[in-house]
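Welcome! Here is a structure to explore, with a few questions about how its features get their names.

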Amino acid sequence: MSDLDALLALTPTGPGQFRAEVADGWQQGRGAFGGLVIGLLVRAAAAVAADPTRPLRSLGAELCGPTQPGPADIFVEALRTGTGVTTLAVRLVQAGEVQAHAVAVHARTRDPGLQWTELRPPELAPPSGLPLGTPDEGPVFARHCEFRPVHAPLFTGGDEARAEGWFRFKRPPSVRDAAYLAMLCDGWWPAAFSRLTSPRPTATLTYTFQPLADVSQLDPEQPVYHRARAVAMRAGYSVEFRELWSPAGELLALNQQTFAVIR
């Protein structure tokens with residue numbers, strides 16, 4: 001079992017209820033890596049949806065507080081199950097407080113021939129020729145990750161809030177699903193770091209996720225390509241759009257996050 005398999009493991013404790021053990025060593029500031037928290041919510045929703053013909057199509061989540069190492073209870077409520085869409089509410093609770101919640105939409109395929117991607121694929125430089133790089137004051141969880149930046153200047157006071165590069169977990173899971181994809185989307189540091197002039201703590205407040213590809217057949221040893229832009233900053237809150245691409249140039253997922261830059 002890899003690190004990520006163990007991290008995302010859930011133990012059923014009742015109808016629509018699960019227990020997770022949030023591992024130490026995966027912190028991001030005061031709490032656990034947000035991608036891990038989101039991954040647990042995604043896994044729990046999928047377990048309750050329990051229908052492979054209705055994969056996750058969209059998830060909107062809020063990280064209400066810092067999830068701490070140790071046990072966490074996850075509760076899933078089916079808001080509605082229709083002829084084509086299942087909508088579920090998920091919340092993660094520690095010490096009687098909701099630390100994260102989400103609404104997950106699982107839906108059947110409508111028209112498999114109706115598809116396109118208007119985003120222009122990035123120019124994919126081979127990852128093997130790029131040096132490894134992480135922020136000097138990176139979060140604890142980053143030691144489990146491999147970053148190969150293509151365009152990700154840090155704390156240079158630049159005029160563009162942009163980040164691009166290859167990303168992978170050093171010990172990928174044996175099960176590669178939407179939860180794994182959600183974690184990959186959250187692995188990179190905020191694109192706003194290129195506009196800042198010095199390190200500042202940041203925290204994800206909201207996380208919206210649309211998986212767009214079946215990642216079960218991805219080579220777990222190959223990195224994925226991360227491309228992000230922080231399109232606006234107001235009052236210490238930035239809005240960032242993220243894209244995740246396969247080595248073959250397939251769009252894997254879209255992700256929007258609201259970050260708080262902490263004083």
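The questions below look at the sheet, the helices and the aromatic rings of this predicted model.

Q: Why are β1 and β9 said to stand at the edges of the sheet?
A: The open sheet has 12 strands, running in the order β1-β2-β6-β7-β8-β5-β11-β14-β13-β12-β10-β9. β1 (11-14) and β9 (145-151) each have a single partner strand, so one side of each is left without a neighbour in the sheet. On average, neighbouring strands here are turned by 25 degrees against each other, direction ignored.

Q: What makes β7 and β8 a pair?
A: Two strands pair if there are at least two bridges between them. Strand β7 (residues 85-94) and strand β8 (residues 97-107) share 10 bridges in the antiparallel sense, so they meet that cut-off. Within this pairing, Val 93 stands opposite Val 98 in β8.

Q: Which strands does helix α2 lie across?
A: Helix α2 (residues 34-49) lies across β2, β5, β6, β7, β8 and β11, and runs at about 130 degrees to β7. Helix α3 (residues 178-185) lies across β5, β10, β11, β12, β13 and β14, at about 135 degrees to β11.

Q: Why is the pair of Trp 188 and Trp 189 called tilted?
A: A search of the whole structure finds 12 aromatic pairs. In this one, the ring centres are 4.7 Å apart and the planes stand at 40 degrees. Planes under 30 degrees apart would count as stacked and over 60 as edge-to-face, so the pair is tilted. Trp 188 and Trp 189 are both buried, and ring pairs link them into a cluster with others, including Trp 26 and Phe 33.

Definitions and conventions: Residues numbered from 1 in each chain as written. Predicted model: local features only at pLDDT ≥ 70, side-chain atom pairs only at ≥ 80, totals over all residues. Heavy atoms only, no water. Helix = DSSP H or I, 4+ residues; strand = E, 2+ residues; numbered from the N terminus. Axes fitted to C-alpha atoms, helices over the stretch in contact; angles between N-to-C directions. Contact = heavy atoms within 4.5 Å. Phe/Tyr/Trp six-rings, centres within 6.5 Å; stacked < 30°, edge-to-face > 60°. Buried < 20%, exposed > 50% of the residue type's maximum accessible area, 1.4 Å probe, protein only.
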